[in-house]
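Work through the following exercises with the structure open. Each task is followed by a solution in steps.

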Amino acid sequence: MCAHVLVAEDDEKQAELIRRSLLSEGHTATVVHDGGAALAAARERRPDLVVLDLMLPVIDGFGVCRALRRDDDIPVLMLTARSTEEDVLLGLELGADDYMTKPYSPRELMARIRTVLRRSGRQGAGHGEGPVVRAAGITVDPVRHEVVCDGSPVECTPDEYEILLAMVAEPDRVFSRQQLLRRTRGVDRASTERAVDVHIMNLRKKTEADPRRPVRLLTVFGVGYKLSGERG
């Protein structure tokens, strides 16, 4: 499956290495070197995925990711030399689908790109096929890769989707943070189980009438989370 990938990297040698690796995998690529150009290219070319360096000139990677999430649901894989937990969690909170720290091998990067494309539903037919599941007013369709809550469509990142699919398929089951983290399989090794808290927070904003007083996605203190409600 050929995807079109937008590479936003200010290091021209690094950007060229990524471009060549993408071409060798059968993808096409557009390369830009600052955040303003990244936003313009994303809006014009509608890529299947954005490989986004954090330390971009003009607009940094966080600003680009924030703007992309206001406009679209294009998957974003962040690249950065900064590997603090706060940076990882901020990237995820803004909607990044994966986060890699430098230095990295091109082979590992291509593997992560394949994973994000697959989990985002942009990896071609056959991904995530299975029966539609319903619980607590939420419907998840693995074939169409769609989520509906109380009759309205819900835009989810790939990690949010995988967590919600697991919880809707088994309502009232208590999942530990580690179990949900393994469902995503997309966070950088520098991340921790706190990444799951960020995903749950984002899902509450999308599925709860009052995210501060959730009635669906409940915290089970000392254990993890569960989806409260009967299967539909």
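**Exercise 1.** Determine which residues Glu160 touches, not counting residues up to four places away in sequence, and decide whether Glu160 is buried or exposed.

Solution. Step 1: in this predicted model, Glu160 is found in helix α6, which covers residues 158-169. Step 2: with residues up to four places away in sequence left out, Glu160 touches Glu155, His199, Asn202, Leu203 and Lys206. Step 3: the relative accessible area of Glu160 is 2%. The cut-off for buried is under 20%, so Glu160 is buried.

**Exercise 2.** Describe strand β3: its burial, the directions in which its residues point, and its pairing with β1 and β4.

Solution. Step 1: β3 spans residues 49-53, and five of its five residues are buried. Step 2: in a regular strand, side chains alternate between the two faces of the sheet. Step 3: Leu49, Val51 and Asp53 point one way from β3, while Val50 and Leu52 point the other way. Residues of both sets are buried. Step 4: strand β1 (residues 4-8) runs parallel to β3 and is joined to β3 by four bridges. Ala8 has Leu52 of β3 as its bridge partner. Step 5: β3 also pairs in the parallel sense with strand β4 (residues 76-80), over four bridges. Here Val50 stands opposite Val76 of β4. Step 6: from β3 the chain passes through helix α3 (residues 61-71) to β4, a β-α-β crossover that is right-handed.

**Exercise 3.** Which stretches have pLDDT below 50, and how should their coordinates be treated?

Solution. Step 1: the average pLDDT of the protein is 85, and 91% of the residues score at least 70. Step 2: residues 124-129 have pLDDT below 50, and this stretch has 11 contacts in the model beyond near neighbours in sequence. Step 3: residues 186-190 also have pLDDT below 50, with 19 contacts in the model beyond near neighbours in sequence. Step 4: where pLDDT is low, the predicted coordinates should not be read in detail.

Notes
Residues are numbered from 1 along each chain as its sequence is written. This is a predicted model: local features need pLDDT of at least 70, side-chain atom pairs count only at pLDDT 80 or more; totals for chains, interfaces and linings use all residues. Side-chain values use heavy atoms; hydrogens and water are left out. Buried means under 20% relative accessible area, exposed over 50%, partly exposed in between (1.4 Å probe, protein chains only). Helices (H or I, at least four residues) and strands (E, at least two) are DSSP runs, numbered from the N terminus. Two strands pair if DSSP finds at least two bridges between them. A crossover is right-handed if, with the strands pointing away from the viewer, the path from the first strand over the helix to the second runs clockwise. pLDDT is the predictor's confidence in each residue, from 0 to 100. Contact means heavy atoms within 4.5 Å.
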